[in-house]
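Subject: Structure handover, with notes on charged pairs and a sheet

Dear colleague,

I am passing on the structure that you will find just below, and I would be glad if you would read the notes after it alongside the coordinates.

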Amino acid sequence: MSDQVTPKQKSFYEDWGYTVLRGVLSQEQVKRVNHSFHQVWIDLLRSGEIVQDAGNPVESLFPRLRDNHLTRSDIAELLLSDAIFDIASTLLAEEALAISSSYYFKAPGTRGLPMHQDNYSVGAAPGTTCSIWVSLGHSNEANGGVYVVPGSHKLGLLKPELAESSLSEYGEKLELPQGYEKLQLELFPGDAVAFHGNLVHGSGENREKSRFRHAHVTHFTGVSARSVNINHNTLMNRQGERVRRRLNTAPKLKNDTLKGTEWSGIGGSPPWK
């Protein structure tokens, strides 16, 4: 059991598919994480692996940095610590395995990630994922902070559609399920939000002129998972050892009629009321 997840927070997670955890990282740890990733970014610039695209100058200059926990011990020490593993293990109700990680600069003017479910692409089976999204700065609606659709994890996995080319969002997207509402979260440096793998969530575009939205997310699954679709040969346990699982390329979807499911009262009154 994690010292940072109370029984009330765990119950909330089970009912609504997410929970906010304040102060998971100290301010000093936040500074160290951002410093480490800025160093990774500088190294990639120097090596020519990051090349600015004139047609997409900001996003190409500040791309998502993937899976640096596999090669940087300083990053793994902070973001795959026993405390972080304890949070994931508590919410998954079994020992956790880290699947993948991403660092986001979310520079001013960059697009948002539309509504999606993490386990549609991660493909952990049986079971699902738990994602720990750590805010490494002040995150709110104005700079493209994360929003959630409380209770939507009860719908199972839904099939997304390709988002049309847009200046405000990219990737695959889900429509807001009928009867559900978006809830914008505000997070401060060191706060985290944990997502159930089936929770519908996303982020908006960064509308600020100069404020970045730094964040890091790690996807976890339980040790009982037999297959995943991402990094199936490079899962990591809390000892830092590599763990293998089978490759899963076919996520199990619920019937499409669930897209129109009305609010069913799962978990009592929704948290936005």
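This is a predicted model: local features need pLDDT of at least 70, side-chain atom pairs count only at pLDDT 80 or more; totals for chains, interfaces and linings use all residues.

Residues are numbered from 1 along each chain as its sequence is written, and side-chain values use heavy atoms, with hydrogens and water left out.

Taking a salt bridge as a side-chain nitrogen of Lys or Arg within 4 Å of a carboxyl oxygen of Asp or Glu, the count comes to eight. One of them joins Arg 22 to Asp 191, with the closest N and O atoms 2.7 Å apart. This pair links distant parts of the chain, since Arg 22 lies in the loop between strand S1 (18–21) and helix H2 (27–47) and Asp 191 in the loop between S8 and strand S9 (192–196), 169 residues apart; helices (H or I, at least four residues) and strands (E, at least two) are DSSP runs, numbered from the N terminus. Asp 191 is buried, with a relative accessible area of 6%, where buried means under 20%, exposed over 50% and partly exposed in between (1.4 Å probe, protein chains only).

A salt bridge also forms between Arg 238 and Asp 86, whose closest N and O atoms are 2.9 Å apart. Here again distant parts of the chain are linked, with Arg 238 in the loop between strand S13 (235–236) and strand S14 (242–243) and Asp 86 in helix H5 (residues 82–92), 152 residues apart. Arg 238 is partly exposed at 21% relative accessible area, and Asp 86 is partly exposed at 26%. Through shared partners, salt bridges join Asp 82, Asp 86, Glu 95 and Arg 238 into one network.

Asp 118, in helix H6 (residues 118–122), makes a polar contact (N or O atoms within 3.5 Å, one able to donate a hydrogen and the other to accept it; residues adjacent in sequence count only if both atoms are side-chain atoms) through its side chain with the side chain of His 201, at 3.3 Å.

Lastly, three strands form an open antiparallel sheet in the order S8-S5-S10, two strands being paired if DSSP finds at least two bridges between them. Its edge strands are S8 (183–184) and S10 (201–203), each pairing on one side only.

Best regards
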